[in-house]
Amino acid sequence: MTAFTSCNPATGEVSFTRPAWSETTLAHSQAALRRAQQTWARMTVDQRADQLLHFADRLSLQREALAELVTQEVGKRTPECLAEIDKSVQLVRYYAELAPSLLKSQLIPTQASRSGVAFEPLGLVLAVMPWNYPVWQVLRFAIPALMAGNACLVKPAPSVPQCSQLLLDIAREAGLSVLEMAWIEPDLVEEAIRGCDAVAFTGSTHTGRVIAALAGKHLKKTVLELGGSNPFIVLADADIAAAARDAANSRFRDAGQSCNAAKRMIVVPEVAEAFVEAFCAAAAQLRAGDPHDPATTLSPLTRADLREALHAQVLDACAHGAELKLGGQMPHTPGFFYPATVLDHVNPSCRVYHEEVFGPVASILRARDEADALRLANDTPFGLGASIYSADSERAWQLARQIEAGSVFINRHTSSDLRLPFGGVKASGYGRELSEFGLYEFVNVKTYWQK
């Protein structure tokens, strides 16, 4: 049986393994969670909020230890790991404050003497989670689901067993018996789906289709947060220095391993050369190295196979007309490092034009004009987020309405905000996380009517 394995991305050394569950263990875990969920659902929303605030306090106290494990398993720089955990703590406190009012039953006047809706839990929600944000991604789904009265069974990625276990330990220390990690291999995912009431998935579009098909087979609700290839549009009146700085920050943070990063820089002719020069200059300043070292600004990729796949995309782009402006050379040092890479004149013959690029590689697409920039922005299977840089904010708002994406940021790179819904369209998935919209994804909006 394949084990869950920790491999340090900065060195390539394996430091920890753990076995996967059997089908019997999975069944026992789901049964225990269902029993715990019945008690949890009978609590008031305020009582659940108090319990989760206790968890937030415990999480905050253990932030350094948890961040260290994320660095060891994912390879992210220490400040990036600490920021992930701090944002997760804010998430818990945000929902603890927001949920009690949003989950109150609502009276809706009709011809009935009394009618309205109540927000009731679905039961047991399964989450299949990725490796790149092993704390944030889990809690972004789990906290609103728990606040609504559900229990959560989380299948972590195979490469992050230690930080996933510590996150679970912290939850248990806070008395949360309605959260559990499912140490299962892919062959048991369908069984896990069968035994749950809904499914959340964050990861690749390819795997998302598989999860959605399995959930559909068993008629389980799904929320899918899938890949992204976010356009970053720079118009003629944009602040080029600010746009280049933001684009580099978005594309290369976390070694470029973020679905919501800027990936396709779309520039109009008037500013193309100036932007490319400024963007390459910013990328060239990045320094790869030990993620613990404060001087390091570019962390390694998480796995060797991911680096190989990324390099193959770069080689394909160069073979099909893209110009390599920076990077693109496979390092021969320990670990899974890859240099900040910039591909100019990317065209539809290149795989990177159509595929998600999950690493520190930026594509520059040269538009003929503003209308062509919008065409290029939408000429992708994905629709997670987009950015528009322009001095004319009203014009940018008008253009934003023509972009096929779950979010559009004006004069700012894409990111997530606790107060705003997060999710995509097209091959980037469906459903929303965060804000009140994320809270309502895993509830039964039940209608009541009295004669």
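**Exercise 1.** Determine whether Asp372 is buried or exposed, then find its salt-bridge partner.

*Solution.* Step 1: Asp372 has a relative accessible area of 4%, so Asp372 is buried (buried means under 20% relative accessible area, exposed over 50%, partly exposed in between, with a 1.4 Å probe and protein chains only).

Step 1: The partner of Asp372 is Arg375, and their closest N and O atoms are 2.7 Å apart. A salt bridge is defined as a side-chain nitrogen of Lys or Arg within 4 Å of a carboxyl oxygen of Asp or Glu.

Step 2: Both residues belong to helix H13 (residues 370-378), where they are three residues apart, about one turn of the helix. Helices (H or I, at least four residues) and strands (E, at least two) are DSSP runs, numbered from the N terminus.

Step 3: Arg375 has 40% relative accessibility and is therefore partly exposed.

The model is predicted: local features need pLDDT of at least 70, side-chain atom pairs count only at pLDDT 80 or more, and totals for chains, interfaces and linings use all residues. Residues are numbered from 1 along each chain as its sequence is written, and side-chain values use heavy atoms, with hydrogens and water left out.

**Exercise 2.** Describe the salt bridge between Arg366 and Asp344, and state which parts the pair ties together.

*Solution.* Step 1: The N to O distance between the side chains of Arg366 and Asp344 is 2.7 Å.

Step 1: Arg366 lies in strand E14 (residues 361-366) and Asp344 in strand E13 (residues 341-344), so the pair ties together parts that are 22 residues apart in sequence.

Step 2: Asp344 is buried at 1% relative accessibility, while Arg366 is partly exposed at 25%.

**Exercise 3.** State how many salt bridges a search of the whole structure finds, and name the residues of one network.

*Solution.* Step 1: The search finds 26 salt bridges.

Step 1: Arg63, Glu64 and Asp86 are linked in a network of salt bridges.

Step 2: As background, side chains of opposite charge can pair when their charged atoms come close.

**Exercise 4.** Summarise the secondary structure and burial of the protein.

*Solution.* Step 1: There are 15 helices and 20 strands.

Step 1: Of the 451 residues, 57% are buried.
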